[in-house]
Amino acid sequence: MALKIDPWTFPAPELDPPQQGRHSIVLGGGCFWCTEAVYSQLDGVLSVRPGYAGGTRETADYRTVCTGTTDHVEVIEVAYDAGTISLGQILKLFFSIAHDPTQKDRQGNDVGRQYRSAIFTADEAQKQVAEAYIAQIERDRLFDAPVTTEVVPLEAFFEAEAYHHDYAARNPNQPYIRAVSTPKVEKLKAVHGDMLKASAKAG
């Protein structure tokens with residue numbers, strides 16, 4: 001990652017209005033197996049669903065999306081209790097732990113438009129927080145390359161095929177999971193152990 005400071009000192013968003021109740025946001029940060037594995041650990045996260053966003057229903061399937069010829073992004077829908085974890089905290093982990101926002105149309109060896117960095121916002125408030133945070137990150141030059149993350153309104157979320165759900169948890173010894181997903185989860189636990197669910201702390 002092109003992060004210039006260590007994740008322990010990565011700043012929270014300056015704009016993060018308090019909210020209550022259940023909310024959700026859709027995030028694209030590379031392979032959805034890996035981002036799901038990170039967010040499923042967090043206290044206050046009610047559910048994480050892998051899926052596709054940005055394209056049409058007709059092309060919202062894994063085989064087609066993997067061709068890189070659709071407008072879809074591999075995403076996760078993160079439903080959360082805003083009284084326990086804020087949108088700003090979710091976005092802080094998105095930029096500092098879950099993926100590298102400076103890589104355009106790729107994450108590491110995963111190359112293609114389906115792996116681009118994107119935040120699909122549910123409303124104007126989410127859009128304002130996301131755009132303000134990106135501006136803050138760029139202002140403070142936290143990365144050694146520009147942030148490429150798109151902030152776009154969510155038109156539709158298409159849930160991924162059943163075998164993608166909880167993929168990392170069900171396949172911990174799969175080589176890709178061990179090489180890409182597990183290090184992100186370990187970093188999360190090391191840096192933000194206080195944000196974990198009790199079950200994640202025990203594990």
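Predicted model: local features only at pLDDT ≥ 70, side-chain atom pairs only at ≥ 80, totals over all residues.
User: Which parts of the chain does the salt bridge between Arg139 and Glu14 tie together, and how many residues apart in sequence are they?
Analyst: Arg139 and Glu14 form a salt bridge, with their closest N and O atoms 2.7 Å apart. Arg139 belongs to helix H4 (residues 124-139) and Glu14 to the segment before strand S1 (22-28), so the pair ties together parts whose separation in sequence is 125 residues.

User: Which residues are linked with Arg139 in a network of salt bridges?
Analyst: Arg139 has a salt bridge with Glu14. The side chain of Arg139 also meets that of Asp140 in a salt bridge, at 2.9 Å from N to O. The residues linked with Arg139 in the network are therefore Glu14 and Asp140.

User: Is Glu14 buried or exposed?
Analyst: Exposed means over 50% relative accessible area. Glu14 has a relative accessible area of 57%, whereas Asp140, at 34%, is partly exposed. Glu14 is exposed.

User: How many residues apart in sequence are the parts tied together by Arg113 and Asp71?
Analyst: The side chains of Arg113 and Asp71 meet in a salt bridge at 3.0 Å, N to O. Arg113 sits in the loop between S5 and strand S6 (118-121), and Asp71 in the loop between helix H2 (62-65) and strand S3 (73-81), so the parts tied together are separated in sequence by 42 residues.

User: What are the relative accessible areas of Arg113 and Asp71?
Analyst: Arg113 is partly exposed, and Asp71 is partly exposed. The relative accessible area of Arg113 is 32%, and that of Asp71 is 45%.

User: Which side chain of opposite charge is nearest to Asp110, and how far away is it?
Analyst: Asp110 lies in strand S5 (residues 110-111). Asp110 is buried and has no salt bridge. The nearest side chain of opposite charge is 7.6 Å away and belongs to Lys184.

User: With which side chain does the side chain of Asp110 make a polar contact?
Analyst: A polar contact is a pair of N or O atoms within 3.5 Å. For the side chain of Asp110, a contact at 2.4 Å is made with the side chain of Tyr176.

User: Which helix gives the most to the lining of the largest pocket?
Analyst: The largest pocket holds about 360 Å³ of space. Its lining has 18 residues, with Gln103, Gln107, Gly108, Val180 and Lys184 nearest the centre. By class, the lining has 7 nonpolar, 7 polar and 4 charged residues. The most, 5 residues, comes from helix H6 (residues 175-191).

User: Where does the largest share of the lining of the second largest pocket come from?
Analyst: The second largest pocket contains about 270 Å³ of space. Helix H1 (32-39), helix H5 (167-170) and H6 each supply at least two residues of its lining. The lining divides into 7 nonpolar, 4 polar and 3 charged residues. The largest share, 5 residues, comes from H6.

User: How many charged residues are in the lining of the largest cavity?
Analyst: The largest cavity has a volume of about 30 Å³. Gln103, Lys104, Asp105, Arg116, Ser117, Thr148 and Glu150 line the largest cavity. By class, this lining has no nonpolar residues and 3 polar ones, and its charged residues number 4.

Terms used
Residues numbered from 1 in each chain as written. Heavy atoms only, no water. 1 Å grid on protein atoms, 1.4 Å probe; cavity = no way out; pocket = protein on both sides within 12 Å on 5 of 7 lines; lining within 4 Å. Points joined across faces, edges and corners; volume = space filled by probe spheres on them. Nonpolar A, V, L, I, M, F, W, Y, C, P; charged D, E, K, R; others polar. Helix = DSSP H or I, 4+ residues; strand = E, 2+ residues; numbered from the N terminus. Buried < 20%, exposed > 50% of the residue type's maximum accessible area, 1.4 Å probe, protein only. Lys, Arg positive; Asp, Glu negative; His and termini not counted. Salt bridge = Lys/Arg side-chain N within 4 Å of Asp/Glu carboxyl O. Polar contact = N/O pair within 3.5 Å; in protein donor to acceptor, adjacent residues only side chain to side chain.
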